[in-house]
Amino acid sequence: MDGSTPQATNTADDDVFVARARYYSPANIFKVERPDVPQHIFADELNTAMAAATPTGWISLDISTTIGLQEPATTPLMLGRYARIAAGETLSGQFRASGEFYYVIQGSGRAAKAGETLAWQTGDVFSLPGGGETLLTAGADDAVLFLVTNEPELAFHGFEAPTQGGAKTRAVRYPLADIRAQMDKVRDIQKADPNVSGLALHLTSEHDGNTDAVHPTIKLAMNSLDAGSVQRPHRHNSVALTLPIHSEGVYSVIEGNRLDWQQYALMITPPAELHEHHNEGEEMMLSLVIQDGGLYFRCRTIGFSFD
């Protein structure tokens, strides 16, 4: 052998591959702009979900047109929905996602997925594995739930949902009473830290020995704020979806813009925008916060700061 590189032989069939080529040469690829993720509150969708006349079904929180995506999306990597289920009825869903995460706004019932069935009630948070069919059955009263998945993330990669048994997310239930008890255990410790970013309890599980593996990319936390308090202004590169639970007298200031909270109306805090939360009510604020932080932590680019 003479060490030369073999040369491909061009044929008519090769032209189809050359025809697929495109060339793109911006002066600065880092200056290419995409539509911003907006500050937004999904009040209309919540009102639909809570209306007694609304039949059993899913209500998507879709702003894909606003953020320049072709697939339904609430943020570039996450999609939220409300689910309304009439008493005794069953709602079916099949999502192109690697995990599903729920908060029970009202009612009680059961979730069946991948051969497992768990019971849920008002205030519970629970997760289910991605792939396959999900069945949610309401109990004696109408039920309303909030759901978030990573469908836009999988659509971006062109991935399909995992096969049954292949998801990294497993069925986990976090009863509200347990969440509150765990929060009470750590509040004094958190308050004593001068660099505390918030009084939050992160909801995780154990999978393959990793205690932060309820999902690889989506992170959930229950956040609280005492009456008469302000959460220190901060920013981070991950988008935050906030589901207000106890929110009377609570508002956020995001880059100088005030957004008043509405109980159970999902709110978007855009990436990298400076924001702070104010509780001018008489009770402790409570909210479920969902972030696409897993990828940023993996890449060491979460970008958290207090300025």
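Reply: Contact here means heavy atoms within 4.5 Å. This is a predicted model, where local features need pLDDT of at least 70 and side-chain atom pairs count only at pLDDT 80 or more, while totals for chains, interfaces and linings use all residues. Numbering starts from 1 along each chain as its sequence is written, and side-chain values use heavy atoms, with hydrogens and water left out.

Start with helix H4. H4 covers residues 176–192, 17 residues in total. Helices (H or I, at least four residues) and strands (E, at least two) are DSSP runs, numbered from the N terminus. From first C-alpha to last, H4 reaches 25 Å, close to the 24 Å expected at 1.5 Å a residue. That expected span is 1.5 Å times one less than the number of residues. H4 is also bent: about 40° at Val-186. The bend is the angle between axes fitted to the seven residues ending there and the seven starting there.

Now the buried side. Ile-179, Met-183, Arg-187 and Gln-190 are the buried residues of H4. Buried means under 20% relative accessible area, exposed over 50%, and partly exposed in between (1.4 Å probe, protein chains only). An α-helix has 3.6 residues a turn, so residues three or four places apart point the same way.

What covers these buried residues? The cover includes strands E8 (125–129), E11 (172–174), E12 (199–203), E13 (219–225) and E20 (285–291).

Follow E12 next. His-202 sits in this strand. With a relative accessible area of 55%, His-202 counts as exposed. Beyond its neighbours within four places in sequence, His-202 contacts Leu-220 and Ala-221.

Last, two loops. Most residues other than glycine have a negative phi. Ala-114 has a positive phi, near 55°. Ala-114 lies in the loop between strand E6 (108–113) and strand E7 (116–121). Ala-114 is partly exposed because its relative accessibility is 36%. Ala-272 has a positive phi too, near 70°. The place of Ala-272 is the loop between strand E18 (267–269) and strand E19 (275–279). At 35% relative accessibility, Ala-272 is partly exposed.
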